[in-house]
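Subject: Structure handover and notes

Dear colleague,

I am passing on the structure below, together with some notes on what was found in it. Please read the notes with the model open beside them.

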Amino acid sequence: MTGDMQMNAMTDQGGYVTEDGRKIGGVMMEMKNITLRFGGVVAIKDISFDIREGEIRAIIGPNGAGKSSMLNVISGFYNPQEGEVWFHGKRRAPMKPYQVAQQGIARTFQNIALFEGMTVLDNVMTGRLTQMKAGMAAQALWWGKAEREEVENREFVEKIIDFLEIQNIRKTPVARLPYGLKKRVELARALAAEPKLLLLDEPMAGMNVEEKEDMSRFILDVNDEFGTTIALIEHDMGVVMDLSDRVVVMDYGKKIGDGPPDEVRNNQDVIDAYLGVAHD
Amino acid sequence: MPEQLLFAMEVTLNGLMAGVLYALVALGFVLIFKASGIFNYAQGVMALFAALTLVGIMEGQIPFSHLINATLGTDIHHFGWHVPGILAIVLTMVVMVGLAWAVNQFVMRHLVNQEPIILFMATIGLAYFLEGLGDIMWGSDIKTLDVGLPQGINTWIDETTFEAFGYGFFIDNLDIVATVIAALLVIALVIFSQYTKQGRAMRAVADDHQAALSVGISLNFIWVMVWSVAGFVALVAGIMWGSKSGVQFSLSLIALKALPVLMLGGFTSIPGAIVGGLIIGVGEKLFEFAIGPMVGGATENWFAYVLALIFLVFRPQGLFGERIIERV
């Protein structure tokens, strides 16, 4: 009882309203003093930041800054040597990636990880695996609960497919698709899991201007229509500044800036990192 | 009807039955290959191990009795009881699931993201380990396996065909049973892999480990499951071959016959394994019947491999295998 009240109090505190009138809630995920090492190499050094309910949060930084490592910590692919990960007001024990996924955190990958041998529809359906509850025998026999579940899942998946405008390639094997569409299918699969938190690792890398505009629109629509909290890594500064509510800037594994886009843009450390001032 | 034609028909039927048994072994390969990208060289030895364990349990043999006697100076061999066939099959399946768990825990888990060739080498090691383990556990003598399957000539077919054509077909009851069981097994496997959550997860894991993890699939769970299913298929194959020709170590060599079957059918297709098995079974019997006498016989030893070679040249993915699509 008291625990619940505390949690509510925590999620209620410190929300804000964005310029375009979206309500941002309390803290959903908090990274506390995360340090990640590979042998002697320090990939992330004592970084803390939070992600709020309903927000689009960007992580930016030059190559090798540790952005992807950070995303991998959130999604459980890496476990940090030091620091704590808090999700929905609870400290998260070290977890396997599949357990993180079952908690409602979906992700895409920088270099696309799709099931190449399957069709677009099958790929997106795998995103529903965490939502399927019926027993194996019931599913095999297409029985009662299993049938209802399969129909419901199909309907939801079709909704996502319509939403991302990939109806015409539903039955195409993923291996045949061009790069930009693969990125979109990967987003569809992540959305199919109805994630509370969506992690996007360079969703626009390697795209042309038109494709980037499409993807930006989808990201904003996802956030708007499904209310999904999004954390994304991106190189294109222009895109990041347009999309995100708050930005974390990393350089050499350290956090050098954190705040709204305008504030970060004028931060001297950030400018130095991007223009390449010598490190002592 | 001319006698030659009747002979040919009988040979074809027998070839179909033999093909079913080849297909059973090939199925085990396809399952693991589809789910983990590993070509499991140990599949044949797993069938042998399953058959040995089944006989051992049925006869109440004490496992490792030679080892125990040699070290402790005792003279024990049997518990002195007999376990009925069905119960023994269930117990053997428990052993095969345990084996699946051990394979994953001690070998495969440590080789995640390695090259396929390394995983293949690991299964070669596994094959020799299992062969040795089977030997130490249950002894190396030839055993007869009788789980109560009907054997011998099917008199009904014999009499019916005799009345119809004046020539009775010789069809072994065991082969008929094997065909029915194989059909049921295949239907069950196809339904499992296409229509269940676990089956979908299995196909996902085979395709991409990272992506599978990101949609909430536990790799370890799927791998133990896949090796258990392969163990089950091995057990069925072991029972059929063991009942037919006794449980002996040459049983593990039937795995070699599965290779041409897979090349014909395609490494990734369950129906392919079946059709491939049937083609090889019928092909080698008919070839022996028609061409054998002209070249001095024994064509069954090489026919399958030559056929597979021809396929490799003209259709490397096999009849039903997935087309290999490479984007550059």
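In chain A, strand β8 is joined by 3 bridges to strand β9 (residues 197–201), and the two run parallel; strands here are DSSP runs of E with at least two residues, helices are DSSP runs of H or I with at least four, and both are numbered from the N terminus. Two strands count as paired if DSSP finds at least two bridges between them. Within this pair, A:Arg107 has A:Leu199 of β9(A) as its bridge partner.

Before going further, please note that this is a predicted model, in which local features need pLDDT of at least 70 and side-chain atom pairs count only at pLDDT 80 or more, while totals for chains, interfaces and linings use all residues. Residues are numbered from 1 along each chain as its sequence is written, and chains are lettered from A and ligands numbered from 1 in the order in which they are written.

The two strands belong to an open sheet of 6 strands in chain A, with the order β8-β9-β10-β5-β11-β12 and mixed pairing. Its edge strands, each pairing on one side only, are β8 (105–107) and β12 (254–259) of chain A. On average, neighbouring strands of this sheet are turned by 15° against each other, direction ignored. Helix α11 (residues 268–275) of chain A packs on the sheet, where it touches β11 (246–251) and β12 of chain A, and its direction makes about 125° with that of β12(A); such angles run from 0 to 180 degrees between N-to-C directions, with axes fitted as lines to C-alpha atoms, for helices over the stretch in contact.

Elsewhere in chain A, strand β3 (residues 27–38) and strand β6 (residues 82–87) run antiparallel and are joined by 5 bridges, with A:Glu82 in β6(A) as the bridge partner of A:Thr35. β6(A) also pairs in the antiparallel sense, over 2 bridges, with strand β7 (residues 90–91) of chain A, and there A:Phe87 is partnered by A:Lys90. β6(A) and β7(A) form a hairpin with 2 residues between them, and A:His88 in the turn has a positive phi of about 50°.

Helix α2 (residues 67–74) of chain A is mostly covered, since 7 of its 8 residues are buried (20 or more other C-beta atoms, placed from the backbone, within 10 Å of the residue's own). Among them are A:Met70, A:Leu71 and A:Val73. Just after α2(A), A:Gly76 takes a positive phi of about 85°.

In chain B, the axes of helix α8 (residues 197–207) and helix α10 (residues 219–245) come within 10 Å and cross at roughly 105°, which makes α8(B) roughly perpendicular to α10(B) (65 to 115 degrees).

Where the chains meet, the contact takes 27 residues from chain A and 22 residues from chain B, two residues being in contact if their C-beta atoms, placed from the backbone, lie within 7 Å. On the side of chain A that touches chain B, α3(A) gives the most, with 4 residues.

Finally, a caution about confidence: the mean pLDDT of chain A is 86, and 89% of its residues reach 70 or more, pLDDT being the predictor's confidence in each residue, from 0 to 100. Over residues 1–12 of chain A, however, pLDDT stays under 50. Where pLDDT is low, the predicted coordinates should not be read in detail.

With kind regards

Note on methods
A residue is buried if 20 or more other C-beta atoms lie within 10 Å of its own, exposed if 12 or fewer, and partly exposed in between; C-beta atoms are placed from the backbone. Angles under 35 degrees count as roughly parallel, over 145 as roughly antiparallel, 65 to 115 as roughly perpendicular and the rest as oblique.
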